[in-house]
Amino acid sequence: AQPRRPVHGRRGGRGRAAPSPQWPLAAVMVAGAMVGLGSAGPPATGMCGLCAQVLGEPRERTGLLLRSPCGRQCHFECLRRRISAGEPLSCGACVVECFEEYASSLRMICEAASAVFSNYPSELELWVSRELTLGRPVTLLREVPPVIFEFSGLRCLDFTGHPIAVVPPAISRLRSLKRLVLISAYLQELPDEICDMSGLEQLFVCCCNLQKMPARLGELPNLWRLYMDLNQIRTLPERFPTRIDGLKITGNLLERIPDSIGECKGLRDILANGNMLTTIPESLCRLTSVRHLMLHGNQLRSLPESIGLMSGLESLLVHDNHLERLPDSVSDLPGLEWLYVYNNHLRELPKGLTTRPPRLERLLVEANPLSEQAVCELLATVPGSLR
């Protein structure tokens with residue numbers, strides 16, 4: 001289970017967990033924040049169609065704003081209370097129930113909302129696991145409810161676990177969206193319009209059937225976290241968003257990583273294991289901020305000699321490949337702590353591998369056809385701190 005982590009769009013602050021190669025993801029969530037909070041957009045104007053309070057005024061129980069089909073905006077919390085009380089779903093200016101066309105979607109959202117809404121009124125979560133725990137039937141969404149695009153100031157949208165097959169181009173209307181999560185869906189592609197969401201900071205599309213990524217993905221100026229693991233992606237865009245600090249493309253069908261990866265100077269974690277990579281670009285080795293480089297389970301036969309330039313590297317996992325040698329510069333990595341090279345075709349190891357990296361504490365070399373001399377040198381130089 002993931003610990004409670006408030007949703008915030010900006011980098012840093014209480015809402016952002018420390019980058020981790022195994023960062024857990026939320027179960028099922030639809031969340032947002034009112035226009036006027038932080039940098040979500042200009043404050044709304046006018047009066048709420050339900051409570052007659054000024055829209056955009058910070059109030060204790062104010063969260064999302066929702067635009068009705070008649071064109072008026074209302075506090076979603078006001079509408080939520082009406083749904084709970086069984087009252088008519090109409091704003092003060094309408095005789096008919098103007099929210100009726102969204103009634104089923106709104107009731108589902110309100111009924112499944114987790115208790116966290118009481119403490120964080122700008123967040124609305126729909127947890128499948130919570131419904132199962134409570135013994136209630138789960139309503140699985142097969143499409144994005146159109147009412148979602150009527151929320152103002154929506155900053156986090158998470159549909160994990162829902163068998164959604166298509167993300168409509170209307171997703172680009174959510175201009176203030178910061179975080180988009182689609183996990184275990186039935187997606188094959190994302191609309192190109194997603195690249196027009198200039199405020200998007202985190203994009204997670206995992207465990208789907210995604211076969212390609214939008215070509216203009218590199219045009220997202222504020223994206224800093226990109227997870228596209230466990231899909232069917234064969235090629236990556238030629239350009240990456242330059243601000244990303246976390247790239248997870250594990251478990252796809254990738255044969256190469258574009259040279260443009262070297263332009264992402266803030267990258268800290270690269271998880272590209274479980275693909276069909278035969279080489280990695282020299283430009284990647286210029287990224288001195290990378291801490292974790294995971295390339296195991298590919299078809300690599302060699303690593304660039306320049307990998308020794310990655311001065312910030314702490315863990316290098318290249319096991320289960322076809323490596324015939326390791327670059328001598330691996331011994332020059334000053335911050336290296338974990339080195340996994342088992343199950344390759346190594347006969348020799350770089351000189352000083354067990355003594356020169358001052359922080360090396362874990363070295364796994366089994367299942368390699370090491371020469372007798374290499375084994376003797378290894379055993380003779382293993383320090384007591386190495387496991």
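**Exercises on strand 7**

Of the contacts in the protein with a separation of 6 or more, 37% are between residues 24 or more positions apart (contact means heavy atoms within 4.5 Å). You're looking at a predicted model, where local features need pLDDT of at least 70, side-chain atom pairs count only at pLDDT 80 or more, and totals for chains, interfaces and linings use all residues. Numbering starts from 1 along each chain as its sequence is written, and side-chain values use heavy atoms, leaving out hydrogens and water.

**Exercise 1.** Work out which residues of strand 7 lie on each side, and whether they are buried or exposed.

*Solution.* Step one: find strand 7 at residues 202-206. Strands are DSSP runs (E, at least two residues; helices are H or I, at least four), numbered from the N terminus. Step two: recall that side chains in a regular strand alternate between the two faces of the sheet. Step three: sort them. Gln 202, Phe 204 and Cys 206 sit on one side, with Leu 203 and Val 205 on the other. Step four: check the cover. Buried means under 20% relative accessible area, exposed over 50%, and partly exposed in between (1.4 Å probe, protein chains only). Here, 5 of the 5 residues are buried, so both faces are covered.

**Exercise 2.** Find which strands pair with strand 7, and in what sense.

*Solution.* Step one: two strands pair if DSSP finds at least two bridges between them. Step two: take strand 6 (residues 179-183), which pairs with strand 7 in the parallel sense over 5 bridges. Val 181 stands opposite Phe 204. Step three: turn to strand 8 (residues 225-227), also parallel to strand 7 and joined to it by 3 bridges. There, Arg 225 is the bridge partner of Gln 202.
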